[in-house]
Amino acid sequence: MALLAAFQIHHYFAHQLDLQKRIWWRFWLILLGLTLVWSAGDLITLYVAMEIVALGVVGLIALGDQAESYRSALRYLKAVLLGTLSFLIGSIIIWGVYGTVSLSALQQQIEGTGLTGLAFALITVGLVYRAALFPLHSWLPPAHGSSHAPLSALLSALVTKASFYSLARVWLDWGDLIGSELLAQLLGILGALAIVWGGWMACRQSELKMLVAYSSVNQVGYFFLFFPLIIGVSHEVAVLAKQGVILQVISHALAKAALFMAAGNLVAAMGSKYIADLSGMSRSMPLSLLSFGFAGVSIMGLPPSGGFLAKWYVLQASLLSGQWWWIPVLILGGLLSAAYIFRIFSRSFLEECSVKPIKPVPKILEIAPMVLALLAVGLGLLASTPLSLMTIAMVVTDGHE
Amino acid sequence: MATNSLLPLWVLATSLVVAFIIFTIPEERFKLRSFLNLSAAVIKLLLVMIMTWGVFQGVFYETHFEVAPGLEFSLKADPLSIVFAGLSSVLWLLTTVYAIGYLEDSPNRSRFFGFFSFCVASTLGIALAGNLFTFLLFYEMLTLSAYPLVVHRGTQAALRAGRVYLIYTLSGGALLMLGVVMMYLNYGEMPFESGGHFQQVDVAEYPMLGFIFFLLIAGLAVKAALVPLHGWLPSAMVAPAPVSALLHAVAVVKAGVFGIVRVVYDIFGIEFAYMLGVLVPLSILASATIVYGSIRALYQTDLKRRLAFSTVSQVSYITLGITLFGPLGTIGAIVHLVHQGIMKITLFFCAGNYAETLGIHRIDELDGVAKRMPWTSMAFTMGALGMIGLPPLAGFISKWYLGLGALESGMYWVLFVLVMSTLLNAAYFLPILHRIWFRAPHPRWLSSQPVKRVECSWLLLAPPLVTAVLILLLGVFASWPMSPFSWAIFMANQEYGL
């Protein structure tokens with residue numbers, strides 16, 4: 001798990017370029033929380049860790065210093081509190097029944113009684129809420145869309161992943177024991193709906209950052225296809241699904257951070273947050289647009305990119321397990337993502353417009369998204385190393401528990 | 001047998017690295033950019049020539065590494081890749097020269113040449129791909145890198161065409177990917193090997209393989225512009241002339257056809273595809289496309305649109321040749337892959353010259369243009385006559401072998417298709433030639449005599465002249481040992497184990 005954490009922290013340096021002084025303590029708070037999440041051994045630590053992250057995040061969102069940011073910060077707080085409340089009740093039930101909340105101890109003892117099922121469902125719902133899965137996603141776009149771009153990058157790249165990671169952790173440990181396949185299918189279906197709905201909404205946004213934020217809803221959906229493909233299937237399918245989801249998580253983190261940063265640069269340069277004002281930007285901000293494009297390749301799941309390999313594995317897993325109904329979802333999702341990514345491009349290539357004054361953006365701000373985007377693309381060619389690191393990490397934890 | 005594992009990578013790197021450098025070059029550094037472009041193109045051509053010579057001598061070129069468990073990235077040089085890589089690198093050099101002349105003083109040149117180089121890198125990647133996975137990788141890279149070229153002008157019409165292009169190609173790409181994933185899942189790693197992988201396969205597997213074949217071909221057919229998936233090609237004509245030239249002759253359309261060649265010969269194997277019974281439907285589709293494209297071309301009044309429908313028709317000759325079961329059909333197909341590219345690029349260069357120098361876009365404006373631009377008109381005539389299949393030009397060789405292939409495989413109705421299409425070709429090209437040479441010239445041009453000694457910029461004139469000469473040479477000296485024709489014979493012998 002330390003490897004996992006190290007890998008995540010690996011691309012933090014990129015954010016530091018654009019962070020201002022007063023956000024540092026919140027930044028470190030989130031970092032601390034995230035590290036705790038990655039390494040948590042029991043439910044209560046997980047709970048505390050997530051609260052720490054949430055605190056930092058609320059602070060970050062509210063930094064926007066506008067009424068809108070405060071509103072979305074409050075909305076986020078509400079979502080998070082409801083989510084963690086559900087999680088806490090679930091944990092308490094578990095504690096009441098088994099007298100322990102340690103994940104590894106529980107793995108041995110847990111059995112499929114009704115009460116445990118309820119607790120399990122509560123924990124799942126709580127985490128799903130925080131991971132912003134459709135239909136519990138409505139807090140995410142305003143929260144991510146209204147904060148500063150590098151912060152949005154941080155939020156969507158890492159914070160939603162924390163909840164997803166916790167959920168995957170719980171399900172991997174217990175899913176086979178008490179989780180019904182039906183619930184897993186349900187999560188998958190919700191994921192599929194999120195892919196379609198998020199993609200569709202992203203196509204309809206008029207603000208650049210809201211588009212990127214809805215793209216997160218769309219991409220988070222892919223994570224949840226993982227559950228039906230890992231519960232109640234053969235070992236082979238599960239391995240494919242795991243590889244797919246790991247790649248998806250990493251490449252989405254890289255690509256989405258790049259998208260937000262590039263979008264932030266574009267917004268700053270054109271002095272407007274609307275997509276309609278992008279026309280002619282390909283002349284003045286080629287580098288940011290190019291990063292946007294490279295990151296977009298990964299988001300669309302086209303080669304060569306981490307997103308493409310992830311899609312490849314998930315396709316294989318669904319074919320192998322006979323769950324062919326995910327295939328049209330994956331294809332449709334890819335086309336929808338292409339539709340919203342290329343909306344930006346076709347707008348920025350438009351030449352028939354009056355040339356607007358452009359506020360120059362420091363070159364250094366354009367470097368971070370480019371590095372991230374290139375990493376997301378490069379992952380599609382050099383996935384062997386991270387994948388084998390992850391596999392080792394998994395084997396180690398499996399042996400440990 | 002000697003092995004060389006670096007050369008394929010160098011061939012790709014020449015344009016990939018240049019693409020990145022060009023993006024960072026400021027717009028006004030015209031000379032530096034042109035120098036980089038041209039030197040990259042020349043170096044690439046030299047590398048491909050070295051590789052051609054090597055393959056001829058039996059050297060084995062291969063680069064491969066593991067992308068992820070069970071997935072290999074592999075670049076390989078076999079005769080088929082040499083044919084396609086050779087074509088691409090020669091035409092890239094010419095098109096670069098042409099594009100430098102064509103885009104003089106127009107905006108966004110850094111962006112254009114950057115994506116232009118990306119596009120060529122992807123095409124070379126497609127040519128050298130050693131397995132299905134690597135092919136898919138570069139195939140999609142090509143889809144994306146060609147988009148900024150199609151919409152380069154940034155007008156509403158261009159953006160609309162770009163949207164149409166994306167809808168077609170990305171949907172096709174999704175089908176192709178699904179096909180490739182199913183292939184890998186059921187049959188493992190899929191390197192390209194002549195003869196294919198399915199010589200000994202159980203009859204129970206046939207429906208599955210047939211379905212995969214359908215997915216792969218449906219995905220590839222979008223780019224190869226087979227009817228009814230050809231709609232994007234005529235609308236993509238809004239792109240600047242060098243882009244159309246490249247798109248029609250080597251890059252996008254050819255990538256689709258090349259993929260079909262690979263899938264039929266090197267994945268399924270021609271004999272197995274024959275047993276599977278998928279060749280006949282494909283040949284019917286190709287024939288329908290040939291006739292349909294020609295008929296539509298007849299009715300176009302815009303020069304570039306007529307050429308576009310002509311491409312729809314001509315490129316399907318290659319698909320048709322593949323489906324003719326027998327070595328002669330194969331020879332016809334492979335040779336036409338090269339010859340069609342050279343003829344079509346000549347025609348597009350000339351169309352671009354007419355548009356750029358005299359502002360001619362419609363066919364009825366071409367009256368007597370030969371008086372004003374004799375050299376361009378000569379090159380155009382060469383391309384058009386080649387397309388019709390007049391001996392001894394390049395187009396004749398390919399049509400002749402396609403006809404022989406049809407006889408050999410006993411598919412006599414294909415002969416009928418060939419004759420009919422030749423008549424149609426003549427029907428839509430000869431009136432243009434008549435206008436160019438024999439009609440009274442437009443008074444406007446006589447007053448606008450060229451200021452310089454030549455009719456237009458040398459950068460625009462030289463490329464079509466070179467390709468026009470090539471059309472003649474490839475026809476006359478077809479049996480020279482290094483000609484595309486000889487490579488095609490070599491390949492056909494390999495495929496059929498002769």
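A: The model is a predicted one. In it, 29 residues of chain A are in contact with 28 residues of chain B. On the chain A side, the elements that contribute two or more residues are helix H13 (281–284), helix H14 (286–300), helix H15 (306–320), helix H16 (326–348) and helix H18 (384–400). H16(A) gives the most, with seven residues. By class, the chain A side of the contact holds 21 nonpolar, five polar and three charged residues.

The axes of H15(A) and helix H6 (residues 156–187) of chain B come within 10 Å and cross at roughly 60 degrees. Angles from 65 to 115 degrees would count as roughly perpendicular and those under 35 as roughly parallel, so H15(A) is oblique to H6(B). The crossing of the two helices is right-handed. From H15(A), the residues that take part are A:Trp312, A:Leu315, A:Gln316, A:Leu319 and A:Leu320. They meet B:Leu178, B:Val181, B:Met182 and B:Leu185 of H6(B). An α-helix has 3.6 residues a turn, so residues three or four places apart point the same way.

The loop between H14 and H15 of chain A holds A:Pro304. A:Pro303 and A:Pro304 are joined by a cis peptide bond, with omega about -10 degrees.

B:Pro228 lies in the loop between helix H7 (206–224) and helix H8 (232–235) of chain B. B:Ala225 is also in the loop between H7 and H8. Although B:Ala225 is not a glycine, its phi is positive, at about 60 degrees. Most residues other than glycine have a negative phi, and most peptide bonds are trans. B:Ala225 is buried, because 28 other C-beta atoms lie within 10 Å, where 20 or more are needed.

Next come the chains themselves. Chain A has 18 helices and zero strands. Of its 401 residues, 56% are buried. Among contacts in chain A between residues at least 6 apart in sequence, 80% join residues at least 24 apart. Helix H11 (residues 208–224) of chain A is mostly covered, with 17 of its 17 residues buried. H11(A) reaches 26 Å from its first C-alpha to its last, close to the 24 Å expected.

In chain B, helix H4 (residues 109–128) has 20 residues and spans 28 Å between its first and last C-alpha atoms, close to the 28 Å expected. Since 19 of the 20 residues of H4(B) are buried, the helix is largely enclosed by the rest of the structure.

Within chain B, helix H17 (residues 394–409) and helix H20 (residues 458–476) pack at an angle of about 45 degrees, with their axes 6 Å apart. That angle makes H17(B) oblique to H20(B). The contact is formed by B:Ala394, B:Phe396 and B:Ile397 of H17(B) with B:Ile471, B:Leu474 and B:Gly475 of H20(B). Its residues divide into five nonpolar, one polar and no charged.

Definitions and conventions: Residues are numbered from 1 along each chain as its sequence is written. Chains are lettered from A and ligands numbered from 1 in the order in which they are written. This is a predicted model: local features need pLDDT of at least 70, side-chain atom pairs count only at pLDDT 80 or more; totals for chains, interfaces and linings use all residues. Two residues are in contact if their C-beta atoms, placed from the backbone, lie within 7 Å. Helices (H or I, at least four residues) and strands (E, at least two) are DSSP runs, numbered from the N terminus. Ala, Val, Leu, Ile, Met, Phe, Trp, Tyr, Cys and Pro count as nonpolar, Asp, Glu, Lys and Arg as charged, and the others, Gly among them, as polar. A residue is buried if 20 or more other C-beta atoms lie within 10 Å of its own, exposed if 12 or fewer, and partly exposed in between; C-beta atoms are placed from the backbone. Axes are lines fitted to C-alpha atoms, for helices over the stretch in contact, and angles run from 0 to 180 degrees between N-to-C directions. Angles under 35 degrees count as roughly parallel, over 145 as roughly antiparallel, 65 to 115 as roughly perpendicular and the rest as oblique. A crossing is left-handed if the near helix is turned anticlockwise from the far one by less than a right angle, and right-handed if clockwise. The expected span of a helix is 1.5 Å times one less than its number of residues.
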